[in-house]
Amino acid sequence: MDIKKARLKDLASSIVAVVEPETPALVAAQLMRKHHIGSLVVVDATEQTRPIGIVTDRDLVLALMAEGLDPELFTAGDIMSVDLVFGHPEMDLMEAVSLMRQHRLRRLVIADKAERLVGIVAMEDVLECLARELSDLAEAMRGGRDREFSQRA
């Protein structure tokens, strides 16, 4: 994938685990464990495609577990981050990196123009793409070195 042409729609997972605000925090934790994921997008209970927050494994640990609070008594809505920063499907990778850095995000919720959930991209997805690009660059450098060696030998 050419990093200059990479768009969030190319990187983002379109399968996103979601919960409603009234979902018990314990259920949210169980869903994360079951699906081996670190976050759940919280969607509006009536408009279930509209993201209104995100709950991460860190939210569960820092807001509940570290405070000794009972996860059965709290909901996803109680602990979710509500200041969502959205990416859009056509956003280029470097713009997304800048947005994630600016807002100190590990995940970027992807929404369309109508603010409907279309995916999520994690820092790991971005790093994987950047690592491939760096690997390709290193391979090109080795090829150039090998070409010079054979021409000068």
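Me: Where is His 36 found?

Reply: His 36 sits in the loop between α2 (25-35) and β2 (39-43). Helices (H or I, at least four residues) and strands (E, at least two) are DSSP runs, numbered from the N terminus. Keep in mind that this is a predicted model: local features need pLDDT of at least 70, side-chain atom pairs count only at pLDDT 80 or more, and totals for chains, interfaces and linings use all residues. Residues are numbered from 1 along each chain as its sequence is written, and side-chain values use heavy atoms, with hydrogens and water left out.

Me: Why does His 36 count as exposed?

Reply: Buried means under 20% relative accessible area, exposed over 50%, and partly exposed in between (1.4 Å probe, protein chains only). His 36 comes out at 73%, so it counts as exposed. His 36 also has a positive phi of about 55°, although it is not a glycine.

Me: In what order do the strands of the open sheet come?

Reply: The 3 strands run in the order β4-β5-β6, with mixed pairing. The edge strands are β4 (86-87) and β6 (117-122), since each pairs on one side only.

Me: How do you know that β5 and β6 pair?

Reply: Two strands pair if DSSP finds at least two bridges between them. β5 (residues 107-111) and β6 have 5 bridges, in the antiparallel sense, so they pass. Ala 111 stands opposite Leu 117 in β6, and Val 109 has Ile 120 of β6 as its bridge partner. β5 and β6 form a hairpin with 5 residues between them, and Glu 115 in that turn has a positive phi of about 60°.

Me: What makes β6 mostly covered?

Reply: Of its 6 residues, 5 are buried.

Me: Which residues touch the most other members of the largest nonpolar core?

Reply: A nonpolar core is a set of buried Ala, Val, Leu, Ile, Met, Phe, Trp, Tyr and Cys residues joined through side-chain atoms within 4.5 Å. In this core of 16 residues, Leu 8, Met 91, Leu 93, Leu 108, Val 121 and Val 126 touch the most other members. The largest share, 5 residues, comes from α5. In soluble globular proteins, nonpolar side chains tend to be buried together.

Me: What is Val 126 in contact with?

Reply: Contact means heavy atoms within 4.5 Å. Leaving aside neighbours within four places in sequence, Val 126 is in contact with Leu 93, Val 97, Met 100 and Val 121. There is also a second, separate core of 12 residues, including Leu 40 and Ile 79.

Me: At what angle do α2 and α3 pack?

Reply: About 140°, with their axes 10 Å apart; α3 covers residues 57-64. Axes are lines fitted to C-alpha atoms, for helices over the stretch in contact, and angles run from 0 to 180 degrees between N-to-C directions. Ala 25, Ala 29 and Met 32 of α2 make the contact with Asp 57, Leu 60 and Leu 64 of α3.
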